[in-house]
Amino acid sequence: MLYGNYRFTCRFETDAALPAYKGSTLRGAFGNALRRMTCALRRQDCPACILKDRCLYARVFETERIDPADAKGPVSAVPHPFVIEPPPEIGTSFKPGDRFECGLLLFGDVIGNLPYFVAAFQQMGKRGLGRRGKSQGAFALEAVFSGKETLYREKSGTLKTVEAARDISLFDFGPGDLRSAGDVLRQIRVRLETPLRFKSDGRLQDSLPFEVLTRLMLRRVSSLMNAYDRGEPPLDYRGLVERASAVRTVSSDLQWFDWRRYSNRQGAAMQLGGLVGEVVYQGPLDEFAPLLGFCAEVHVGKQTSFGLGKIGWKEDGREERCRR
């Protein structure tokens with residue numbers, strides 16, 4: 001699957017008042033800016049618009065409206081081809097000159113539209129973030145990076161047309177890159193860096209057995225590969241879930257984190273939440289390393305486009321594996 005990981009460095013030019021978790025604010029501002037830039041029939045709702053099949057905004061934000069028959073395999077819902085990764089800081093008050101960094105992950109051929117997304121961030125900065133009024137939070141886009149490559153600088157105002165994306169697959173994340181030859185992966189520590197939101201048996205959950213995490217990872221891999229790659233990977237889904245039940249939870253400090261967002265579509269504030277913290281698993285884990293590695297790149301669970309479900313993992317007691 002074609003994958004792009006971009007970092008945006010920004011500088012506030014006015015006072016700003018933002019929530020502790022900024023994923024919803026950034027996603028909403030990003031969507032509004034992209035729609036203003038690309039929508040030709042602004043009074044038209046996307047489902048009824050005759051241009052929806054050619055519209056970049058619809059392709060990026062209205063994926064739930066896409067006919068699953070257009071995907072490359074069976075899917076229950078088409079995932080968004082992007083993730084906004086908000087700043088990790090939980091501060092809520094910012095002054096002119098304060099800087100923040102956020103990320104944008106892109107999947108599939110929408111990566112070819114990166115200039116539009118950079119321009120959308122520029123427009124976001126002019127309109128501002130957060131509460132309307134004096135603390136609207138106008139900002140300037142200083143730079144855009146992809147790994148060690150600088151794609152954009154405010155001073156030059158130009159965007160490099162380089163191949164700032166790569167193909168990733170499950171085969172890139174085997175267990176061998178973590179240990180010496182002959183070792184067996186028996187214990188891992190999984191960190192939920194942003195709230196992980198999911199349902200099991202129709203309810204939101206406050207614990208994360210490894211079997212449940214495996215189901216979430218398989219669902220994420222399957223949906224992304226179906227929508228943005230060559231179709232569902234040849235995995236033993238049932239067998240993986242069954243074998244995941246043999247992995248036990250050694251310790252857990254998971255906590256529930258609540259946050260609120262305002263939905264323009266529903267016209268109401270929504271109370272959302274998810275699990276954060278760390279959990280240690282023990283058992284036969286080698287075959288799950290590719291799933292863990294892939295999902296550490298693309299997030300997992302519900303509302304990933306808000307930045308939810310960012311996970312990291314390491315062999316317990318060893319140096320942490322860095323995301324690239």
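Q: Is Ala-33 buried or exposed?
A: This is a predicted model, in which local features need pLDDT of at least 70 and side-chain atom pairs count only at pLDDT 80 or more, while totals for chains, interfaces and linings use all residues. Residues are numbered from 1 along each chain as its sequence is written, and side-chain values use heavy atoms, with hydrogens and water left out. Buried means under 20% relative accessible area, exposed over 50%, and partly exposed in between (1.4 Å probe, protein chains only). The relative accessibility of Ala-33 is 1%, so Ala-33 counts as buried.

Q: Which residues does Ala-33 contact, leaving aside its neighbours within four places in sequence?
A: Ala-33 sits in helix H1; helices (H or I, at least four residues) and strands (E, at least two) are DSSP runs, numbered from the N terminus. Contact means heavy atoms within 4.5 Å. With those neighbours set aside, the residues in contact with Ala-33 are Ala-120, Gln-123 and Met-124.

Q: How far apart in space are Ala-33 and Gly-125, C-alpha to C-alpha?
A: In sequence, 92 residues separate Ala-33 from Gly-125. In space, the C-alpha to C-alpha distance between Ala-33 and Gly-125 is 9.6 Å.

Q: Which residue in E5 is the bridge partner of Tyr-6?
A: Strand E5 covers residues 99–107, and seven of its nine residues are buried. Two strands pair if DSSP finds at least two bridges between them. E5 runs antiparallel to strand E1 (residues 2–12), joined to it by nine bridges. Within E5, Tyr-6 has as its bridge partner Leu-104.

Q: Which residue in E5 does Val-83 stand opposite?
A: E5 also pairs with strand E3 (residues 82–85), in the antiparallel sense and over four bridges. In E5, the residue opposite Val-83 is Leu-105.

Q: Why is the pair of Phe-100 and Phe-139 called edge-to-face?
A: The structure holds 15 aromatic pairs. In one of them, the ring centres of Phe-100 and Phe-139 are 5.4 Å apart. Rings of Phe, Tyr and Trp (its six-membered ring) pair if their centres lie within 6.5 Å, and planes under 30 degrees apart count as stacked, over 60 as edge-to-face and the rest as tilted. The pair is edge-to-face because the planes of Phe-100 and Phe-139 are at 80 degrees.

Q: How many residues apart in sequence are the parts tied together by Phe-100 and Phe-139?
A: Phe-100 is buried at 8% relative accessibility, and Phe-139 is buried at 4%. Phe-100 belongs to strand E5 and Phe-139 to strand E6 (residues 139–146), so the separation in sequence of the parts they tie together is 39 residues.

Q: Which residue in E7 stands opposite Val-144?
A: All of E6 is buried, eight of eight residues, so the strand is largely enclosed by the rest of the structure. E6 pairs with E1 in the antiparallel sense over six bridges, and Phe-8 has Val-144 as its bridge partner in E6. Four bridges also join E6 to strand E7 (residues 149–153), and these two run antiparallel. In E7, the residue opposite Val-144 is Tyr-152.

Q: Which residue in the turn of the E6 and E7 hairpin has a positive phi?
A: Two residues lie between E6 and E7 in this hairpin. A positive phi of about 60 degrees is found in the turn at Gly-147.
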